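Colleague: I have some questions about the labels used for this model. Please take me through them.

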Amino acid sequence: MMASSYNAKEGDGHNSGASNNGGAGVVKSKKPDNTAFKQQRLPAWQPILTAGTVLPAFFVIGLIFIPIGIGLYVTSNNIKEYEIDYTGADINDACYNCAKNFSWNSTMPCVCSVVFTLEQPFESNVFMYYGLSNFYQNHRRYVKSRDDSQLNGDRSALTNPSKECEPYRTSEGQPIAPCGAIANSLFNDTLELYYIDANGSRNLIPLVKKGIAWWTDKHVKFRNPGGNDNNLTVAFQGTSKPVNWRKPVFEMDPYDPENNGFINEDFIVWMRTAALPTFRKLYRIIQKKSSTTPTLPSGKYNLDITYNYPVRSFDGRKRMILSTISWMGGKNPFLGIAYITVGSICFFLGVVLLIIHHKYDTRNNSADIPS
């Protein structure tokens, strides 16, 4: 009935339009088509929340989330982690003097050592991180201060970097490679780890420097100009090193052509900016060699630090972290705590609503409702 009357009105409009225009043409109606979609006649789901649907949902969420949270929390706590803040005064006099006197203008690096003890052995592969505090890599201008075309090996961008790199775009009339504030502030402390045995002798712990960057970064986003197998000294000819660097990019690892120039993994790891002012980045990997002996046995260790990276200018802190990992990554109890909290709240709300439902449902059934 509605459709027929609607179509009739449309027909009237067309006819009158045709007569008014002397039969020149049919005037299109501005009314929407008589379809289920345009006339809003599509079937819609309108859920009605009842005790029979809400209460089981709360209990199911609680019973699922709480065990998952406990599992994640226990797994996180089983990860072994040891952290040293080697910024300065609270470590020893040597590190304090390094932190106090070293700056970007210093010509010689400063060396200090930190002795520490591992109470428990680290059994599986151990990951060594460096950590910085109060360093805002997420600042808008800092994040934009790079040239991805240059980092991808584009020769035109190598000689004419993006203006986003200012004021670290050129130096002494030559283009900087790599340009920008991110590359200029590359973390360059050198860390070496020694195990002190019962005789007091120091045994160097081998640190693996390859395999620390993301595969996509290493093989897709970062490339040397002219290809990774070319002579990098020639490829980077006519460019200048970043202002705060001690050596040019083609000398970052001259003995390993697969880890030199823009594809140096320490450089690639640093260029992936952190979201928070306190962060850690992977520095080295200590691989497990034997199934019968731990990767790092319990006992005394010596951390030798070549202090190249000043942090006093921005009230920062520097840390070295040793950590194992699990199937869920590094040590982070937040996810487990979040699951336990949400599950507990849902279960508690389910109990409260169940009590309220039984109490007031009985009262409504027995009460006389006036007409």
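Colleague: Is Cys-346 buried or exposed, and how do you know?

Modeller: Cys-346 has a relative accessible area of 11%. Buried means under 20%, exposed means over 50%, and partly exposed lies in between (1.4 Å probe, protein chains only). 11% is under 20%, so Cys-346 is buried.

Colleague: What kind of model is this, and what limits apply?

Modeller: This is a predicted model; local features need pLDDT of at least 70 and side-chain atom pairs pLDDT 80 or more, while totals for chains, interfaces and linings use all residues. Residues are numbered from 1 along each chain as its sequence is written, and side-chain values use heavy atoms, without hydrogens or water.

Colleague: How many disulfides does a search of the whole structure find?

Modeller: One. Cys-165 and Cys-179 form it.

Colleague: What makes Cys-165 and Cys-179 a disulfide?

Modeller: Their sulfur atoms are 2.1 Å apart. A disulfide is a pair of cysteine sulfur atoms within 2.5 Å, so this pair qualifies. The two cysteines are 14 residues apart. Cys-165 sits in the loop between helix H6 and strand S4, and Cys-179 in the loop between strand S5 and helix H7. Cys-165 is buried at 0% relative accessible area, and Cys-179 is buried at 2%.

Colleague: How many helices and strands are in the chain?

Modeller: Eleven helices and ten strands. Both are DSSP runs, numbered from the N terminus: helices are H or I with at least four residues, strands are E with at least two.

Colleague: What makes S2 and S9 a pair?

Modeller: Two strands pair if DSSP finds at least two bridges between them. S2 and S9 have nine bridges, so they pair, in the antiparallel sense.

Colleague: How much space lies in the largest pocket, and what makes it a pocket?

Modeller: About 680 Å³. On a 1 Å grid over the protein atoms alone, a cavity is a set of points where a 1.4 Å probe fits but cannot get out; a pocket is an open set with protein on both sides within 12 Å along at least five of seven lines. Grid points are joined across faces, edges and corners, and the volume is the space filled by probe spheres set on the points.

Colleague: How many residues line the largest pocket?

Modeller: 28; among those nearest its centre are Lys-247 and Asp-266. Lining residues have an atom within 4 Å of a point.

Colleague: How do you know whether Asp-217 is buried or exposed?

Modeller: Its relative accessibility is 3%, so Asp-217 counts as buried. Asp-217 lies in helix H8 and touches Phe-222, Ile-268 and Arg-272, leaving aside residues up to four places away in sequence.

Terms used: Contact means heavy atoms within 4.5 Å.
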